[in-house]
Amino acid sequence: MRIEAYNQVAQIYKANQIAGTAKTAKTGAGRDEVQISAFGRDYQIAKQAVADASDIREEKVAEIAAKVNSGNYDVSVEDFAGKLLENYHSFTM
């Protein structure tokens, strides 16, 4: 008797599964739509602004180049050594 109950449940399940598939197929004919949040739009705008920005600050480069060319660019040996050690330690750790 238990086997008959299982068969009945299986038949009902198969009938519901076929009906569910048919309903899904009918509703799938609609148009897909995507909505982007305000945060997502702001993120995309900021990302594009960063991509469009130059990686080189031309005014700083021009200023330093003018000092180097005129012979007025002076670098402190202590500052240079300090920065060199900072970079060395950041790579070794």
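This is a predicted model: local features need pLDDT of at least 70, side-chain atom pairs count only at pLDDT 80 or more; totals for chains, interfaces and linings use all residues.
Modeller: Residues are numbered from 1 along each chain as its sequence is written, and side-chain values use heavy atoms, with hydrogens and water left out.

Biologist: Which pattern does the protein follow along the sequence?

Modeller: Helices (H or I, at least four residues) and strands (E, at least two) are DSSP runs, numbered from the N terminus. The protein has 4 helices and 0 strands. Read along the sequence, that gives α-α-α-α.

Biologist: What percentage of the residues of the protein count as buried?

Modeller: Buried means under 20% relative accessible area, exposed over 50%, and partly exposed in between (1.4 Å probe, protein chains only). In helix 4, the count of buried residues among its 16 residues is 0. For the 93 residues of the protein, the buried share is 1%.

Biologist: Good to know! Which residue forms a salt bridge with Glu63?

Modeller: A salt bridge needs a side-chain nitrogen of Lys or Arg within 4 Å of a carboxyl oxygen of Asp or Glu, and the count here is 1. Glu63 is partly exposed at 41% relative accessible area. With the closest N and O atoms 3.9 Å apart, the partner is Lys67.
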